[in-house]
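Trainee: I have a structure on screen and some terms to check. Can we go through them one by one?

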Amino acid sequence: MEVSYSSALARHIDEVALIDQHVHGCWLTAGERRRFENALNEANTAPLADFDSGFDSQLGFSVRNHCAPILGLPRHVDPQVYWDRRREFDEAALARLFLRAAGVSDWLVDTGIGNATADVATLSELSGGRAFEVVRLEQVAEQAAQEPGDYASAFEEILHRRMATAVGTKSILAYRGGFDGDVTEPPASQVAEAAARWRDQGSTRLHDRILLRFGLHQALRLGKPVQLHVGFGDRDCDLHKTNPLYLLDFLRHSGDTPIVLLHCYPYEREAGYLAQAFNNVYLDCGLSVNYLGARGPAFIARQLEMAPFRKIMYSSDGFGPAELHFLGAALWRNGIHRVLRGFVDSGDWSEADAIRVVDLIAHHNAARIYHLGERTN
Amino acid sequence: MEVSYSSALARHIDEVALIDQHVHGCWLTAGERRRFENALNEANTAPLADFDSGFDSQLGFSVRNHCAPILGLPRHVDPQVYWDRRREFDEAALARLFLRAAGVSDWLVDTGIGNATADVATLSELSGGRAFEVVRLEQVAEQAAQEPGDYASAFEEILHRRMATAVGTKSILAYRGGFDGDVTEPPASQVAEAAARWRDQGSTRLHDRILLRFGLHQALRLGKPVQLHVGFGDRDCDLHKTNPLYLLDFLRHSGDTPIVLLHCYPYEREAGYLAQAFNNVYLDCGLSVNYLGARGPAFIARQLEMAPFRKIMYSSDGFGPAELHFLGAALWRNGIHRVLRGFVDSGDWSEADAIRVVDLIAHHNAARIYHLGERTN
Amino acid sequence: MEVSYSSALARHIDEVALIDQHVHGCWLTAGERRRFENALNEANTAPLADFDSGFDSQLGFSVRNHCAPILGLPRHVDPQVYWDRRREFDEAALARLFLRAAGVSDWLVDTGIGNATADVATLSELSGGRAFEVVRLEQVAEQAAQEPGDYASAFEEILHRRMATAVGTKSILAYRGGFDGDVTEPPASQVAEAAARWRDQGSTRLHDRILLRFGLHQALRLGKPVQLHVGFGDRDCDLHKTNPLYLLDFLRHSGDTPIVLLHCYPYEREAGYLAQAFNNVYLDCGLSVNYLGARGPAFIARQLEMAPFRKIMYSSDGFGPAELHFLGAALWRNGIHRVLRGFVDSGDWSEADAIRVVDLIAHHNAARIYHLGERTN
């Protein structure tokens with residue numbers, strides 16, 4: 001079922017402006033089909049096997065279904081036809097098409113990866129929307145390690161400087177040891193020792209848990225939302241160590257700073273529970289909804305179990321192909337419509353409530369915690 | 001879809017008498033709106049944030065949908081209208097309305113919490129149904145600690161005395177250390193030492209694992225059903241330590257005494273597996289179905305995966321607002337209807353089988369293990 | 001809804017030939033009703049309780065629904081009527097009926113259990129299809145322990161001899177300690193010591209982790225698919241230790257040999273993630289779909305989340321009653337139809353894509369990795 005225009009709910013979902021509260025840059029330079037197909041697989045860090053195709057997945061089918069019309073092609077078009085058509089555009093032109101089709105008013109951009117992709121200003125220009133930075137804490141650590149003198153002071157100084165304009169921070173502790181260990185704030189002496197050790201080792205890719213914990217607690221102090229990678233990502237991550245329930249003790253002492261649990265698959269029910277348990281915990285659907293394609297509604301429905309409706313937010317987590325920045329929005333609109341249409345048709349919810357919850361997830365909740373003035377739409 | 005009266009299954013579900021096999025007292029004294037809204041959030045032990053509302057959740061929407069008509073209001077009524085109307089009644093009057101609307105013949109009441117709420121006899125009087133006690137083992141422990149002399153003897157004596165009329169016991173080991181540790185029976189010498197230690201420390205809130213294990217095994221010996229809190233509850237509980245699979249070794253040596261896994265979210269599939277694996281293991285939907293609201297059918301459907309149908313039971317786990325005692329029943333009726341209607345419409349089940357399974361879950365299974373003479377209905 | 005013949009997808013699913021890529025022998029000798037009912041419960045290793053019936057479960061309902069017509073009875077027939085009719089046939093006659101009704105072209109038979117059940121050749125004869133052996137590694141270990149001389153050499157010799165005609169291997173490490181420990185290849189000296197120890201102890205049921213790891217890595221070297229029991233099985237297995245995410249490190253170093261994650265319940269989402277993360281990881285629906293009955297579509301839908309479509313395979317894991325070899329196919333056809341019909345009706349997938357994905361899961365993927373020449377159908 002396409003989003004039907006026969007109901008106020010369907011019309012509202014189709015038109016509602018989104019705040020994409022966690023996203024990365026899109027590509028700016030041309031690449032081969034192999035690069036594109038590999039970008040349709042998140043978990044695999046190796047090149048796809050010869051017998052495989054990035055198109056033969058829920059995400060691949062979604063590209064052919066939802067992105068093809070943006071390029072003037074019929075839905076479900078053949079992969080080769082899609083690829084041939086896509087090559088007729090340069091990446092900036094693709095970005096303009098897809099980003100503007102997403103109906104996103106504000107992009108909150110994690111700048112911690114992807115030097116070859118669009119930066120915050122470029123994303124704003126390409127999309128015609130506003131864009132704000134989200135600062136990755138592990139990147140701040142690497143910058144601090146390059147500074148002379150006291151590591152902790154350098155970290156604080158860089159963080160404060162960058163956060164003057166940024167709207168939040170992001171931690172990838174999930175990738176650097178996981179949540180099933182100490183997440184308390186380390187004493188200053190341990191931080192100094194750990195920093196010295198890391199600098200001696202060349203300050204490459206940060207895995208030192210003391211410094212990871214230090215950064216996280218510095219970010220908490222700022223009061224601006226702290227985003228945490230949770231669950232689904234690439235295979236460098238020990239997925240079973242990213243169950244957000246391991247964060248219970250950390251959350252019990254995290255104060256009022258909003259903590260945003262990103263992605264969450266397959267832990268979206270646990271994340272929803274945490275959003276009910278703590279006034280400062282939020283959850284998000286980014287990355288997961290893109291990769292789930294036709295199964296996105298099932299994921300969105302599970303997000304609507306234990307989590308209070310003022311604690312759920314939209315994001316795409318798009319990175320690389322501009323298709324992903326658009327698809328996140330297209331699939332979320334489709335998915336939330338199916339789920340809420342079901343709730344309304346069964347008599348469980350009123351349509352007015354459903355519309356109000358759409359607004360909360362689409363932009364109100366994010367606007368509130370990131371202090372973004374909302375546009376009218 | 002409201003429960004439709006066009007089918008024998010729908011009529012049967014609408015009328016079937018329930019045994020609410022795990023419930024607490026309802027409020028008897030008036031309170032403010034803040035108390036009510038906080039009571040619509042189970043996981044959070046802190047007051048809800050100012051920006052939040054207990055009404056903006058699946059449970060809140062269910063209150064407005066299903067409870068409003070009991071108070072003479074239209075479905076989906078505004079929260080303020082609901083609250084204003086609710087204030088016109090005292091809590092006993094509300095209890096009479098909601099408890100009698102639940103269609104429950106028997107209430108099995110965990111008396112371990114809530115001194116300010118209705119006791120067993122009051123619940124019976126307010127509801128017009130029968131009520132039986134379920135004895136909380138950690139409360140027996142606290143009582144035994146107050147007695148002079150040997151702790152183990154005192155525990156046994158109190159337990160036997162209280163169990164003369166009670167129908168089962170309940171353990172909250174999940175809250176006092178979780179399942180991922182030793183659950184074997186401790187030797188008498190260790191029990192005596194642990195009891196002395198606990199008494200020296202003032203015998204407050206029991207966390208000593210030796211004494212918790214002792215109590216659990218004393219209960220097992222009685223042969224009456226032992227209820228275990230599993231999964232979803234408030235944030236004092238380390239949810240990841242309440243995965244019932246950690247109980248495998250305990251269950252392998254638990255003999256014939258029925259073990260009832262309560263709540264189970266998000267471990268209902270694991271609990272269903274255990275119900276298939278052990279002749280003496282049962283599972284329940286209490287608390288979860290209330291909090292899931294429009295998503296209740298998805299949970300009820302997952303309970304109907306691996307669990308044999310003679311091992312599943314109904315409960316509400318209502319506590320505080322009498323709405324919860326009613327909603328459990330209303331949402332379970334709605335949910336089981338949607339799920340079984342789907343099984344029948346798809347040709348997977350016959351309608352006669354569906355009706356029989358409703359009876360098993362609604363009352364037959366509970367009547368069998370708690371030795372309750374069933375009422376006709 | 002029965003599979004409808006009004007669509008090309010429905011017709012294709014009804015007729016598509018299946019490769020049952022993990023199955024065991026069916027019974028050849030008569031037994032009592034008690035044996036039959038116990039065979040409808042996988043998890044319980046004890047006889048079913050007197051108050052219970054193997055028929056009162058999703059699997060039991062499926063037998064009455066789908067198997068009754070094969071025996072000339074109406075759907076949903078009473079258990080006693082089903083049993084009386086079943087007794088009119090001997091087990092070989094039942095096998096001929098049910099195996100031929102399954103629409104399976106090739107059976108890949110794990111011969112590691114069930115001496116009293118049909119062997120590979122008999123299964124081929126009874127079914128009229130092709131049958132190939134899958135060699136259980138723990139059985140090879142037991143055979144090697146009986147040989148004189150060096151254990152490792154004996155293991156290698158037996159494995160190579162048996163694998164000359166077999167198409168893959170199978171490990172039940174899940175049952176012999178689980179995945180949450182060392183799964184690296186042990187050094188030769190440790191293998192020799194462990195083998196000596198095991199031989200001294202009588203070489204009964206293998207639990208020595210060194211020897212289990214040795215066998216697994218020997219199998220990896222062969223390059224033929226290695227099947228791993230994952231998740232759902234009987235209660236001897238510590239289900240929480242069979243989360244396939246514990247295999248991440250093993251998989252990171254497993255090279256190109258296909259690794260097939262069997263059963264997977266309740267970890268099918270985690271297994272799907274691993275299938276996306278590693279070019280050589282596959283997942284399967286066997287055992288689970290049988291036991292889920294009317295809930296099979298929900299499981300099949302979750303398999304279609306993160307897993308690329310070229311990494312999913314069909315199996316029944318039938319063992320004992322020939323009903324199970326047939327039901328796997330009947331329930332999978334029903335389930336995949338409901339799920340894909342939904343994807344197509346909602347506009348998410350094209351019908352042509354759905355038909356192509358059916359072929360991948362039904363036989364193409366298995367034919368590719370097991371190097372089976374496909375039959376036309």
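Trainee: What is the bridge partner of B:L18 in β2(B)?

Mentor: In this predicted model, B:L18 has B:V104 as its bridge partner in β2(B).

Trainee: What makes β1(B) and β2(B) a pair?

Mentor: Two strands pair if DSSP finds at least two bridges between them. β1(B) and β2(B), residues 104–110, have four bridges, in the parallel sense. That meets the cut-off of at least two. A strand itself is a DSSP run of E of at least two residues, numbered from the N terminus.

Trainee: In what order do the eight strands of the chain B sheet stand?

Mentor: The order is β1-β2-β3-β4-β5-β6-β7-β8, with parallel pairing, and the sheet is open. β1 (18–23) and β8 (312–313) of chain B have a single partner strand each, so one side of each lacks a neighbour in the sheet.

Trainee: What is called a cavity here?

Mentor: On a 1 Å grid over the protein atoms alone, a cavity is a set of points where a 1.4 Å probe fits but cannot get out. Grid points are joined across faces, edges and corners, and the volume is the space filled by probe spheres set on the points. The structure has 17 cavities of 30 Å³ or more. The largest cavity has about 120 Å³. Its lining has 16 residues, and the closest to its centre are A:Q276, A:P308, B:L40, B:N41 and B:S57. Lining residues have an atom within 4 Å of a point.

Trainee: How does the lining of the largest cavity divide?

Mentor: Seven residues are nonpolar, six polar and three charged. Ala, Val, Leu, Ile, Met, Phe, Trp, Tyr, Cys and Pro count as nonpolar; Asp, Glu, Lys and Arg as charged; the others, Gly among them, as polar.

Trainee: Why do chains C and A meet through different surfaces?

Mentor: Only 3% of the interface residues of chain C are also interface residues in chain A, so the surfaces differ. Contact means heavy atoms within 4.5 Å.

Trainee: Which conventions apply?

Mentor: Residues are numbered from 1 along each chain as its sequence is written, and chains are lettered from A and ligands numbered from 1 in the order written. Local features need pLDDT of at least 70, side-chain atom pairs pLDDT 80 or more, while totals for chains, interfaces and linings use all residues; side-chain values use heavy atoms, without hydrogens and water.

How values were computed:
1 Å grid on protein atoms, 1.4 Å probe; cavity = no way out; pocket = protein on both sides within 12 Å on 5 of 7 lines; lining within 4 Å.
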